[in-house]
Amino acid sequence: MHSPVDSPPHATGPGIALRVAAALVLPTALLLVLVAASWDPLMVLDGDIARTTHRWAVAEPDLTQAFRILTDWVWDPWTMRALATVAVLWLVLHHGAWWLALWLTATCLLGSLLSQVLKAAVDRERPVWPDPVDSAHFAAFPSGHAMTATVVCGLLLWLLRLYGAGRVLWRTALAVSVVSVVGVGLTRVWLGVHWSSDVLGGWLLGALTVALAVASYDRFRGTGAPR
């Protein structure tokens, strides 16, 4: 019996991905500048949202604990990296697509590196509470959870399209990805470890990373990549 993603890869071109990347560059850069400059209206909005969600988190301990489990285990960056590793092994062992597996690995690594570099460069402090419901380390912007989930889910969705995934599998993967990417961002704000603009930055930077990576695939692929 054939796997729902066993069919030959679909040919893709960089045009759509480049247009998506071009559309993401300006809002991503603008948000980065506003956060780095501590633009007052954005800081006020972040503070208002954070204080509201923190009150909810303290008032709803059971829901908060559920969100901690989701963000620390189900949607944790290491869980996402494990999913990417499974995809890499599938590409190598099932399809012999070494170049594509290397490209996927490099994209995930570059996404993580970009997140850490921006955290160090912006050096934004996380929210501080007298009664915290969770804790996190390192600088706040961008959210590593949100960015990693966006990069990994985006790449896996693209791989499913590339290998001709069936309609049921594609729609299921899309729904799970949307819930995961949106969910992990919301839980980070709810738990009071990120400002809302940190999460938005993670989403934008993750989507931009995926778009640029996909655009580069056909243009710079090696002879071992599927055609």
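User: How are helix 7 and helix 8 oriented to each other, roughly parallel or roughly antiparallel?

Analyst: This is a predicted model. Start with the crossing angle. Angles over 145 degrees count as roughly antiparallel. The axes of helix 7 (residues 167-190) and helix 8 (residues 196-220) cross at roughly 155 degrees and come within 9 Å. Helix 7 and helix 8 are therefore roughly antiparallel to each other. Helix 7 passes helix 8 in a right-handed crossing. From helix 7, the contact uses Val-181, Val-182, Gly-185, Arg-188 and Val-189. Helix 8 contributes Ser-196, Val-199 and Trp-203. By class, the residues of this contact of helix 7 with helix 8 are five nonpolar, two polar and one charged.

User: At what angle do helix 6 and helix 8 pack?

Analyst: Read the angle together with the axis separation. Helix 6 (residues 144-162) and helix 8 pack at about 35 degrees, and their axes are 7 Å apart. The crossing of helix 6 and helix 8 is right-handed. On helix 6 the contact residues include Ala-146, Thr-150, Gly-154 and Trp-158. On helix 8 they include Gly-202, Trp-203, Gly-206, Val-210 and Tyr-217. The residues of the contact of helix 6 with helix 8 divide into 13 nonpolar, five polar and no charged.

User: And how are helix 6 and helix 7 oriented to each other?

Analyst: Apply the angle test again. The axes of helix 6 and helix 7 cross at roughly 175 degrees and come within 9 Å. Helix 6 and helix 7 are therefore roughly antiparallel to each other. Among the contact residues are Ala-149, Cys-153 and Arg-161 of helix 6, with Leu-174, Ser-177 and Arg-188 of helix 7. The contact of helix 6 with helix 7 divides into 11 nonpolar, four polar and two charged residues.

User: How many disulfides does the structure hold?

Analyst: A disulfide is a covalent bond between the sulfur atoms of two cysteines. The structure holds zero disulfides. Cys-108 is in none, and its nearest cysteine sulfur is that of Cys-153, 10 Å away.

User: Now a loop residue. Is Gly-192 buried or exposed?

Analyst: Gly-192 lies in the loop between helix 7 and helix 8. Gly-192 is buried, with a relative accessible area of 5%. Leaving aside neighbours within four places in sequence, Gly-192 is in contact with Pro-127 and Trp-129. The C-alpha atoms of Gly-192 and Arg-55 are separated by 9.7 Å, while the two residues are 137 apart along the chain.

User: Which residues does a cis peptide bond join?

Analyst: Omega is the angle to read. The cis bond joins Phe-141 and Pro-142, with omega about -5 degrees. Pro-142 is found in the loop between helix 5 (98-122) and helix 6.

User: Where does Asp-123 lie, and what is its phi?

Analyst: Asp-123 is not a glycine, yet its phi is positive, about 55 degrees. Asp-123 is in the loop between helix 5 and helix 6. Asp-123 is exposed, with a relative accessible area of 56%. Phe-138 lies in the loop between helix 5 and helix 6. Its phi is near 70 degrees, a positive value in a residue other than glycine. Phe-138 is exposed, at 72% relative accessible area.

Methods
Residues are numbered from 1 along each chain as its sequence is written. This is a predicted model: local features need pLDDT of at least 70, side-chain atom pairs count only at pLDDT 80 or more; totals for chains, interfaces and linings use all residues. Side-chain values use heavy atoms; hydrogens and water are left out. A disulfide is a pair of cysteine sulfur atoms within 2.5 Å. Axes are lines fitted to C-alpha atoms, for helices over the stretch in contact, and angles run from 0 to 180 degrees between N-to-C directions. Helices (H or I, at least four residues) and strands (E, at least two) are DSSP runs, numbered from the N terminus. Angles under 35 degrees count as roughly parallel, over 145 as roughly antiparallel, 65 to 115 as roughly perpendicular and the rest as oblique. A crossing is left-handed if the near helix is turned anticlockwise from the far one by less than a right angle, and right-handed if clockwise. Contact means heavy atoms within 4.5 Å. Ala, Val, Leu, Ile, Met, Phe, Trp, Tyr, Cys and Pro count as nonpolar, Asp, Glu, Lys and Arg as charged, and the others, Gly among them, as polar. Buried means under 20% relative accessible area, exposed over 50%, partly exposed in between (1.4 Å probe, protein chains only).
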